[in-house]
Amino acid sequence: MYSFKLTEDIGPATWRTTQLAFDEAKANGAKLIVIEMNTYGGMVNFADSIRTKILNSPVKTAIFINHNAASAGALIALACDDIYMSRGSSIGAASVVNGEGEVLPEKYQSYMRGLMRATAEAKNRDPKIAEAFVDPDVDLPKWKEKGKVLTLTSKEAIEAGLAKAYAKDVYDVIQQSGLADSDVAFYKSTWVDALINFLVNPAVSSILILLIIGGIYFEMQTPGIGFALVVAIIAALLFFAPLYMQGLADNWEIVLFVLGVVLLLLEIFVIPGFGIAGILGIVFVICGLTFSMVPNDWFDFVPSTPNNLFNSLIIVLISMVGSIVLCVVFGKGILHSKAFQRLVLTDEQQSSMGYVSALRNAELIGREGEVKTTLRPSGKIEIDGKWYDAVAREGFVERGETVVVEKQENYNLVVRKKQ
């Protein structure tokens, strides 16, 4: 036997737990999977994924409702082969609502009604009762007033044939299933589960986004520091990895974010001015971060959670603006702080001590060379068959043009186009 708990809001964490638990149960050769439930609901798309997992399970399933199976929890319960309930428990109230608890329009309720009916029919339960969990207009005078959404107590659920019997605990469910002599294995959550659940919290995600954008912005403003980019990369890994493992972030969303960052870098360091590449870069970064936080199939967002996309967009935008404001306001203070000084090399290598920035090529000053790669403004030039790094003094210089060396700065020759 195998048992696991669904005792929190239905979402990415519960979906991940369900997948791991079913895989372990299969590996252990379990004859029965018992789910202990106590939830007020959650995200319908993940409830539907759990429901599908249960319906397709070759192993018999039973659910022990220990107090609550509301909303999305009711959908999951209906998918199990047997339903047991502790005394004083309830099941139902599955209308689709938004984050403020307001009932959503009819098209969302219609979708949920269909899921409830189909699930009940798959397990030979009364689809009308399942539909009444969502639709207040379903007429069931024995169990509810017309115009009210159905919620059944444990006693009513047993009388209606929805639940099989009362149960005290998981062991009681196993005994009533005729498997009392079997060993029971329980799913044990690990610190990895706790860490992932912590990182996918919207508040934590907003902080990670702030670090991602702040790190990228800081690196662009003060290139060469390095640590800001490291912070951004670590924050991006902590942001995307848990969402990917939870089934939220998809490959294309991560690629979209990376492409946006690349376009921004190209716009700043390669392409002059600020144009299409920069605008697309910002859009791609915002979309990549936003879409990764929302369940979707490409651009097909789940109709039962319409506010998730908007809420995620607001989190991303506020975090982006906040990170830029913090960088602008506190940027100089960070650079001169004691903590920052410990992270960077502050020793100076002065010329009086014998240090030089690069080998000098004084004999090249005034010489002419041919541009081998377009100077934008940097590139390669050739003098006497030897290639040198060069920087155009003004504007771009196309390949094949002749340039004159004016001076040397570090490892680069500063050149101008021959008049």
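# Notes on a predicted model

1. **Overall make-up.** The protein chain has 14 helices and 15 strands. Bear in mind that this is a predicted model. The chain runs to 419 residues, and buried residues make up 44% of them. Its accessible surface comes to about 22,200 Å². Carbon and sulfur atoms account for 57% of that surface.

2. **Contacts across the sequence.** Take the contacts between residues at least 6 apart in sequence. Of these, 60% join residues at least 24 apart. Several of the points below give single cases of pairs separated along the chain.

3. **Helix H3.** Is H3 enclosed or open? Count its residues: 8 of the 8 are buried, so H3 is largely enclosed by the rest of the structure. The buried residues are Ala-72, Gly-73, Ala-74, Leu-75, Ile-76, Ala-77, Leu-78 and Ala-79.

4. **H3 against H2.** From H2, the residues in contact are Ala-47, Asp-48, Ile-50, Arg-51, Ile-54 and Leu-55. From H3, they are Ala-72, Leu-75, Ile-76 and Ala-79. Look at the spacing of those numbers with one rule in mind. An α-helix has 3.6 residues a turn, so residues three or four places apart point the same way.

5. **H10 against H12.** Helix H10 (residues 227-245) and helix H12 (residues 276-292) cross at roughly 40 degrees. Their axes come within 10 Å. That angle makes H10 oblique to H12. H10 supplies Phe-239, Phe-240 and Leu-243 to the contact. H12 supplies Gly-288, Leu-289 and Ser-292.

6. Take Val-262 as an example. It lies in helix H11 (residues 251-269). Its relative accessible area is 38%, so Val-262 is partly exposed.

7. The structure has 16 salt bridges. One of them joins the side chains of Asp-135 and Arg-113, at 3.7 Å from N to O. Asp-135 sits in the loop between helix H5 (127-132) and strand S6 (151-153). Arg-113 sits in helix H4 (residues 106-122). The pair links distant parts of the chain, 22 residues apart. Are the two partners buried or exposed? Both Asp-135 and Arg-113 are buried. They also belong to a network of salt bridges with Glu-106, Arg-117 and Glu-131.

8. **A salt bridge near the end of the numbering.** Lys-418 forms a salt bridge with Glu-368. Their closest N and O atoms are 2.9 Å apart. Lys-418 lies in the segment after strand S15 (412-417), and Glu-368 lies in strand S11 (residues 368-371), so the pair ties together parts that are 50 residues apart in sequence. Lys-418 is partly exposed, at 42% relative accessible area. Glu-368 is partly exposed too, at 41%.

9. **Glu-406 and Arg-393.** The side chains of these two residues meet in a salt bridge, with 2.7 Å from N to O. Glu-406 lies in strand S14 (residues 402-409), and Arg-393 lies in the loop between strand S13 (386-392) and S14. The pair therefore ties together parts that are 13 residues apart in sequence. Glu-406 has 26% relative accessibility, so it counts as partly exposed.

10. **Gly-114.** Go back to helix H4, which also holds Gly-114. This glycine is partly exposed, with a relative accessible area of 24%. Its C-alpha atom is 9.5 Å from that of Pro-127, a residue 13 places away along the chain.

11. **Ser-89.** Where is Ser-89? It is in the loop between strand S4 (82-85) and strand S5 (90-92). Its relative accessible area is 2%, so Ser-89 is buried. What does Ser-89 touch, leaving out residues up to four places away in sequence? Its contacts are Ile-65, Asn-66, His-67, Leu-152, Thr-153 and Ser-154. Ala-157 is 68 residues from Ser-89 along the chain, and their C-alpha atoms are separated by 9.6 Å.

How values were computed:
Residues are numbered from 1 along each chain as its sequence is written. This is a predicted model: local features need pLDDT of at least 70, side-chain atom pairs count only at pLDDT 80 or more; totals for chains, interfaces and linings use all residues. Side-chain values use heavy atoms; hydrogens and water are left out. Helices (H or I, at least four residues) and strands (E, at least two) are DSSP runs, numbered from the N terminus. Buried means under 20% relative accessible area, exposed over 50%, partly exposed in between (1.4 Å probe, protein chains only). Contact means heavy atoms within 4.5 Å. Axes are lines fitted to C-alpha atoms, for helices over the stretch in contact, and angles run from 0 to 180 degrees between N-to-C directions. Angles under 35 degrees count as roughly parallel, over 145 as roughly antiparallel, 65 to 115 as roughly perpendicular and the rest as oblique. Accessible areas come from the Shrake-Rupley method with a 1.4 Å probe; for residues, only the protein chains shown count as cover. A salt bridge is a side-chain nitrogen of Lys or Arg within 4 Å of a carboxyl oxygen of Asp or Glu.
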